[in-house]
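Hi,

Here is the structure I promised to pass on.

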Amino acid sequence: KGAGIKRLMAHLGAPLEDVVVFGDGMNDLCMFGQGWLSIAMGNARDALKAKADYITTDVDKDGLWNACKHFGWI
């Protein structure tokens with residue numbers, strides 16, 4: 001996932017600083033700690049939370065909405 005994000009951003013000519021990733025499982029760990037904003041869901045694994053820049057509420061407790069609201073995106 002992390003390598004794919006880097007390839008996509010390079011293809012688009014967009015800066016990596018514009019990337020925001022959300023995750024909750026161990027398969028998301030490769031996206032975290034890459035120099036972009038990493039947001040762990042409240043129900044995420046502890047290893048993911050440890051690498052997150054921000055931890056939001058659980059996915060079923062409006063975690064995506066709450067994180068976006070927190071950062072002023074909505």
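Helices here are DSSP runs of H or I with at least four residues, strands are runs of E with at least two, and both are numbered from the N terminus. Before you go further: this is a predicted model, in which local features need pLDDT of at least 70 and side-chain atom pairs count only at pLDDT 80 or more, while totals for chains, interfaces and linings use all residues. Residues are numbered from 1 along each chain as its sequence is written, and side-chain values use heavy atoms, with hydrogens and water left out.

Back to α1. Its buried residues are Gly2, Ile5 and Met9; buried means under 20% relative accessible area, exposed over 50%, and partly exposed in between, with a 1.4 Å probe and protein chains only. Those residues cover an arc of only 60 degrees around the axis, which puts them on the same side of α1. The arc is taken from the directions that run from the helix axis to the C-beta atoms. The cover over the buried residues of α1 includes β1, while Arg7, Ala10 and His11 are exposed on the face turned away from the buried side.

The largest nonpolar core has 11 residues, among them Ile5 and Met9, along with Val19, Val21, Trp36 and Leu48. A core here is a set of buried Ala, Val, Leu, Ile, Met, Phe, Trp, Tyr and Cys residues joined through side-chain atoms within 4.5 Å. Alanine 44 is another member, and beyond four places in sequence alanine 44 touches Gly23, Asp24 and Lys49, where a contact is heavy atoms within 4.5 Å.

Now the charges. How many salt bridges does the count come to? The count comes to 1, with the rule being a side-chain nitrogen of Lys or Arg within 4 Å of a carboxyl oxygen of Asp or Glu. The partners are aspartate 28 and lysine 1, with their closest N and O atoms 2.6 Å apart. Aspartate 28 sits in the loop between β1 (20-23) and β2 (37-40) and lysine 1 in the segment before α1 (2-12), so the pair ties together parts that are 27 residues apart in sequence. Aspartate 28 is buried at 6% relative accessibility, whereas lysine 1 is partly exposed at 49%.

Moving on to the strands, serine 38 is in β2 and is buried, at 1% relative accessibility. Outside its four-place neighbourhood in sequence, serine 38 has contacts that include Val21, Phe32, Lys51 and Tyr54. Of these, lysine 51 belongs to helix α2 (residues 46-51) and is partly exposed at 40%. Lysine 51 also touches Leu29, Phe32 and Gly33.

Tyrosine 54 is in strand β3 and is partly exposed, with a relative accessible area of 21%. Its C-alpha lies 6.4 Å from that of alanine 40, 14 residues away along the chain. Tyrosine 54 also reaches Ala67, His70 and Phe71.

In the loop between β3 and α3 you'll find threonine 56, which is buried at 7%. Among its contacts beyond four places in sequence are Ile39, Met41, Gly63 and Ala67. Aspartate 62 is in the loop between β3 and α3 too, and has a positive phi of about 65 degrees although it is not a glycine. For context, most residues other than glycine have a negative phi.

Which residues of α3 are buried? Gly63, Ala67 and Cys68 are. Seen down the axis of α3, the buried residues fall within an arc of 130 degrees, so they line one face of the helix. What covers them includes β1, β2 and β3 (54-55). Just after α3, glycine 72 has a positive phi of about 80 degrees.

Cheers
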